[in-house]
Amino acid sequence: MLAIIAIACTKDFEEINFNPNKNTEINDEYQFAYSQLAHVGGNMYYALGSTVLPLSGLGNHIYPDGQAFRDLSALNGYWNTQFTTTIKNLADLRSKLQVSNENNQNDAKLAQVKILKAITLHRLTDIFGDIPYKEAGKGFVDGVLSPKYDNQKDVYAYIIADLQEARTQLESGTPFTGKSDLMYAGDITKWQKFVNSYLMRVGMRMVNVNAEEAKKVVSDAISHSAGVMTSLDDDATVSHEELGGAGIHINQSAAVFSGYQRRWEECFVGEPFVREMQDTKDARIFWVASQYVKSSTAYDIEAWEGQIDYNPFIKGAHSGEPYIPNVSLRTWRPDENELGDLQYITVDVADLGELANANIGIKLTGFSPREKPTTPEEAEFLQYNCFAAVNPTTFGNVTNKSIIMSYDEVCFLLAEAAHRWQIGGDVKSNYENGIRACFAKYPKYLAGADHVERMIAKYNQSASDNLDYEASVEEYLQHPAIVWGAKDAMEQIVLERWKALFPNGFEAWALWRRTKLPKVVVENFPMEEFATFTPEGEPITRLGLPFYVPVYYSDPEEGFIPGFEGLVPDGWIPGVGYPSNPVAYIPWMQNAGGVTEGYRAERAEYPPSELAANGGNVFGAMERQREANPSVGPSNHWYTVKMWWSK
């Protein structure tokens, strides 16, 4: 009986247990399309909103501790998802294509795979430093579970070599086409233009550590027969569709800005960016920033259009400036935390010597999205007490294309090449073409054009102006602060490139670390000691990041929010005027310096999962980088260790 049972159980086993409806291998075309989506998607939700936009100065968030950035752990997920999705799939796809490449028919496909792998690892090395490059993805294909870490200098050499090799290899065989290639649908010329443009980005990153090699790489890219991008039609983008759910088929950056996943990440436009747009009457502000309210749709928030008056160009009070009423777009300051926007303080004593025992009122603005106003009084309050959120109607549409690289950035790279080495054309022309391309990029790629038109019309009515978005670019180019020659050439080029990169915080952060420009993005806020008082009057000395708040004897705006009794710090600075101007400025310390002691982070930490799985290689790479690269500021924290290419 046992023998019969044994025979019966094994006879035709494979045939009986075969499921004809189950895929045994992923289709190559689907796998490449998926890898492109993963490249622009993987864990973007956390990495972009809470970390890289604030690091770049283009955005702000309630959680980072001032400029200290006490926690960059959101980037752990980005590392994990890129290595376990994008890199793993590209390594698997490469191995399959090589096996079936007897007559070189897969050369172009292999080139596309190589390009996508190179640009993915480029972003990862610019965030973390030394990374596995040569052995990246081999865990899945070859069983290399503890890949060796290549130093960043070598990683850059590998990226350049792979991109240059792939540029030629694209011309052999048949590429991925149609919907399998979400970037260019198999257009080889556009792929080559993208490679050359991206090589300029990579090459220019090295200019501080190897100017000769940087010039060589950039010159090679410009002089190649395919050339670089020459219009927005050459842009490297990935298309998206809203098919349900929050997977990588939607624009993950947009999901951050709109609250599509029902968890808005408090993404505000950075104060330096907002104030730059306000100072120069930059009409892009209508696309970039908005007041926001809770939404009843699939999105969690939406841009509010119920204002009576609207003028986004009036600047709110900066730290240390008198209170300015009736401001449409208040900024979330980089020295703020989750307390909110502290506008001013009122005190109930006339003698400054009695301040320690005074009752005070604090005017602050909440950050949480609000319900749509239902009364004129609610609308009046909201229209002048709302932060400049990243516009959820424009940048928050999940069917927007994801932009990997755009023509406007290429223009600014050409402008820098022309300025440094007199190659790539005329500096002024490239600079101005980059600005024009950025203005044109918004209506080309973003949803919400009708919303922007309505807000411009509301502004024109409120301010008795006749602003026209398309025409405004030429006025912008002639603004005294923008016209070519208004300031140092590099400052002008980098400032406009920085603006044009929004919301690509990854690249903007890298640009700042390489150049320490634009100047509006400061490297650090000095920590100072301040004594604050408990409600019982006991002093508490803390090291912190102060910002100065105007104080009034009488409320400059009718009504204020009372509270915080007895919490008046010492160190008062004499003010001027009464009653319209503040009588004093108070250094209000909210932020301890965090792990970087007030310095903007230069890199992220390696994920704990990587330390646990590949600790020997990780710790070796960290030791090597500490020895080769200095830290900024007094902190020895890993966040402050510079990259190989950092300035």
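Predicted model: local features only at pLDDT ≥ 70, side-chain atom pairs only at ≥ 80, totals over all residues.
W287 is buried, and Y442 is buried as well, where buried means under 20% relative accessible area, exposed over 50% and partly exposed in between (1.4 Å probe, protein chains only). The rings of this pair have centres 6.4 Å apart and planes at 50°, so the pair is tilted. Rings of Phe, Tyr and Trp (its six-membered ring) pair if their centres lie within 6.5 Å, and planes under 30 degrees apart count as stacked, over 60 as edge-to-face and the rest as tilted. Because W287 sits in helix α13 (residues 285-288) and Y442 in helix α16, the pair ties together parts that are 155 residues apart in sequence.

Residues are numbered from 1 along each chain as its sequence is written, and side-chain values use heavy atoms, with hydrogens and water left out.

The protein chain has 22 helices and 15 strands; helices (H or I, at least four residues) and strands (E, at least two) are DSSP runs, numbered from the N terminus. Of its 647 residues, 57% count as buried. Among contacts (heavy atoms within 4.5 Å) between residues at least 6 apart in sequence, 74% join residues at least 24 apart.

The structure holds 30 aromatic pairs. Ring pairs link W287 and Y442 into a cluster with F273, F395, F439, Y469, Y476, W498 and F502. Within this group, the rings of F395 and F502 have centres 5.1 Å apart and planes at 85°, so the pair is edge-to-face. F395 lies in the loop between β9 (389-390) and β10 (402-405), and F502 in the loop between α19 (489-501) and α20 (505-515), 107 residues apart. F395 counts as buried at 7% relative accessibility, and F502 is buried at 3%.

Helix packing comes next. Helix α16 (residues 427-445) packs with helix α18 (residues 469-477) at about 155°, the axes being 10 Å apart. Axes are lines fitted to C-alpha atoms, for helices over the stretch in contact, and angles run from 0 to 180 degrees between N-to-C directions. The two helices are therefore roughly antiparallel, a label for angles over 145 degrees, with under 35 roughly parallel, 65 to 115 roughly perpendicular and the rest oblique. On the α16 side the contact is made by E432, I435, R436, F439, Y442 and P443, and on the α18 side by Y469, S472, V473, E474, Y476 and L477. Helix α9 (residues 188-205) and α20 have axes that come within 10 Å and cross at roughly 35°. Here R201, M204 and R205 of α9 meet E507, A510 and R514 of α20.

Most residues other than glycine have a negative phi, and most peptide bonds are trans. The bond from F502 to P503 is cis, with omega near 5°, and P503 is in the loop between α19 and α20. Another cis peptide bond joins L517 and P518, with omega about 0°. K516 has a positive phi near 55° without being a glycine; K516 lies in the loop between α20 and β11 and counts as buried at 18% relative accessibility. A185, also not a glycine, has a positive phi of about 50°, and A185 is partly exposed, with a relative accessible area of 44%.
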